[in-house]
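Thanks for joining. Let me walk you through one structure. Please have it open on your screens.

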Amino acid sequence: MSSLMKGTAILTIGLFLSKLLGLIYIFPFYAIVGEENIGLYQYAYIPYSIMLSIALSGLPLAVSKFVSKYNAIGDYEAGRKLVRTGTLVMIATGLLSFIALNLLAEPIAHTVIKDDEQMYSVEQIASVIHWVSYALLVVPFMSLIRGFFQGYGHYMPTSVSQLVEQIARIVVLLGGSFVVVVLLDGLPETAIKFSVFAAFIGALGGLVVLYYYWKKLKPEFNELRMQSTTTQNLSYSAIYKEIITYSIPIVFVGVANPLFQLVDMLTFNGAMSSIGLASVTDTYFSMLNFLTHKVVIIPVMLATGFSMALIPTITKYYTLGEFNALRGAMDKTYQVLLFITIPAVVGIMILAPDIYHVLYSESEMGATVLAHYAPVAILFAMFSITASLLQGINYQKWIVFSLLTGLLVKLVLNIPLIKLMEVDGAILATALGYIVTCTINIVVIHKTLNYNAKVAMRRIILICILSIFMAIAVLLVYFLLTKIAPAESKVLALVYVIICSGVGASVYGYLSLRLGLAQKLLGARITKIAKKLGFE
């Protein structure tokens, strides 16, 4: 069990660092190519995100589950058989996906460009999609190998290869963009093409790492194969049916957010053009689905990171039939999630003008979009956790149903709400879609486990009250600071964000420790710290 937890920790740390790097690079990249060009990158980034989510979330876990299952009964040949045929299947899949995305690039671009007043042309968008498609040649094969390693309990290859892949991509992306725009005084459009092609270079870097581990671990795999005690002689159709069954629900969790963004990509510009806003629609779209999204997702990463640690415990309780302990762990999961997410969201909403100024540029519209979009972070986090809980209790099919229902809500409401409320309409449609999805997930979990949320609701109300006190303190300090000197420079805006965040964290931390809430939710270590600080 300790080796399993260690493996999970290694994977989680690797994934967290990889995602963190995936957030940080945006800020210097924005500074190099400028706001007017960042949207072009986003039009390629959404199809790439969907591809990446499918390849990185579904396949490795499905393959690892398959390999570990047959290894456990001594059939090491089954996993090797999967890798032998899977290598050819994944290379073919990558090639077909590459061809398909290249063929679809122009139709996608025509769907996105609805008016001659828009900032980009069909040719420009089709071109960046062509350039990002090269990553499809490598990523599916790489995912198969990662899953095989995990099936043998080797988590380090996946973690290190993810990290190297991300670092290589970002170095090429930022370095190439800097050379093109700053040193060679080239077109930002050329830098964007180079930056999306960096996904292919990063994938090659990840593949090199996996090859190193394959050479290192191959003797162990061969030795175990020689010790096989039984062989199921599975047909190829049985193998791939099992892999697809495992992977589909996992893929849906990973691909949820990009699919919601895809709906915006295909409908936002048309709706905005129809109400006479074609000249600003590209800028607003990049603000909504790229620039502000990168900020909003930060508290989601932190909250789900803390909460996900409880998921293996929940799975264990469910397997053992210890339902009282299971309900207690679920209570704690919801509370930890909201304990972190709610105050973070409130803070982002209050400090949105300065946060946007520091990370990107001074923009009233950008700040407004960030402030209005921030609350949706709570729903993003709630979906991630409820979907994981459904996986933990073997109700994966409901994840597919709830997500498709939420996407349908988003698709039906998006255009009319955008026409009515502009960018806020797209945000509201996303929120309503996620509310429907999360509600279905929660109802299924609660009905299945006969769960009563009274304790959790009381604590959530307390978290909201503490967040209100925190908001009052932050607003007061922010008001006084801006009265003394408006934050006209990035440096001053950064100072204000740091001061106000410090005040908010101090007030929220003090109240939650004084009332014993932090100790109950965050465990023994926080309790020890609280005692040292004089909180009983």
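Helices α4 and α9 are roughly parallel to each other, because the angle between them, about 20°, falls under the 35 degrees cut-off. Before I go further: this is a predicted model.

Stay with that pair. α4 covers residues 76-112, and α9 covers residues 236-274. Their axes are 15 Å apart. The crossing is right-handed. Which residues in α4 meet α9? Among them are Lys-81, Leu-82, Thr-85, Gly-86 and Val-89, and also Ile-108, Thr-111 and Val-112. On the α9 side, the partners include Tyr-236, Ile-239, Tyr-240, Ile-243 and Met-265.

Now the overall picture. The protein has 20 helices and zero strands. It has 536 residues, and 54% of them count as buried. Take contacts between residues at least 6 apart in sequence: 82% of those join residues at least 24 apart.

Next, the aromatics. The count comes to 24 aromatic pairs. Look at one of them, Tyr-41 with Phe-290. The ring centres are 5.5 Å apart, with 55° between the planes, and the pair is tilted. Where do the two residues sit? Tyr-41 is in helix α3, residues 35-72, and Phe-290 is in helix α10, residues 278-308. The pair therefore ties together parts that are 249 residues apart in sequence. Both Tyr-41 and Phe-290 are buried.

There is also a ring cluster. Ring pairs link Phe-98, Trp-131, Tyr-134, Phe-197 and Phe-200.

Back to α10 for a moment. Ser-286 lies in that helix too. Is Ser-286 buried or exposed? Ser-286 is buried, because its relative accessible area of 0% is under the 20% limit. Setting aside residues up to four places away in sequence, Ser-286 touches Ile-38, Gly-39 and Leu-291.

Another buried residue: Ile-348, in helix α12, residues 323-359. Its relative accessibility is 10%, so Ile-348 counts as buried. What does Ile-348 contact beyond its neighbours within four places in sequence? The answer is Val-295, Pro-299, Ile-355, Leu-370 and Ala-374. Ala-367 is 19 residues from Ile-348 in sequence, and the two C-alpha atoms are 9.8 Å apart in space.

Now a quick check on helix geometry. Helix α7 runs over residues 156-183, which is 28 residues.

Most residues other than glycine have a negative phi. Asp-185 has a positive one, near 55°. Asp-185 sits in the loop between α7 and α8. Asp-185 is exposed, because its relative accessible area of 66% is over 50%.

Glu-422 is another such case. Its phi is positive, about 60°, and Glu-422 is not a glycine either. Find Glu-422 in the loop between α15, residues 397-421, and α16, residues 423-449. Glu-422 is partly exposed, with a relative accessible area of 34%.

That is the tour. Let's discuss.

Key: Residues numbered from 1 in each chain as written. Predicted model: local features only at pLDDT ≥ 70, side-chain atom pairs only at ≥ 80, totals over all residues. Heavy atoms only, no water. Helix = DSSP H or I, 4+ residues; strand = E, 2+ residues; numbered from the N terminus. Expected span 1.5 Å × (residues − 1). Phe/Tyr/Trp six-rings, centres within 6.5 Å; stacked < 30°, edge-to-face > 60°. Buried < 20%, exposed > 50% of the residue type's maximum accessible area, 1.4 Å probe, protein only. Contact = heavy atoms within 4.5 Å. Axes fitted to C-alpha atoms, helices over the stretch in contact; angles between N-to-C directions. Parallel < 35°, antiparallel > 145°, perpendicular 65-115°, else oblique. Left-handed = near helix turned anticlockwise from the far one by under 90°.
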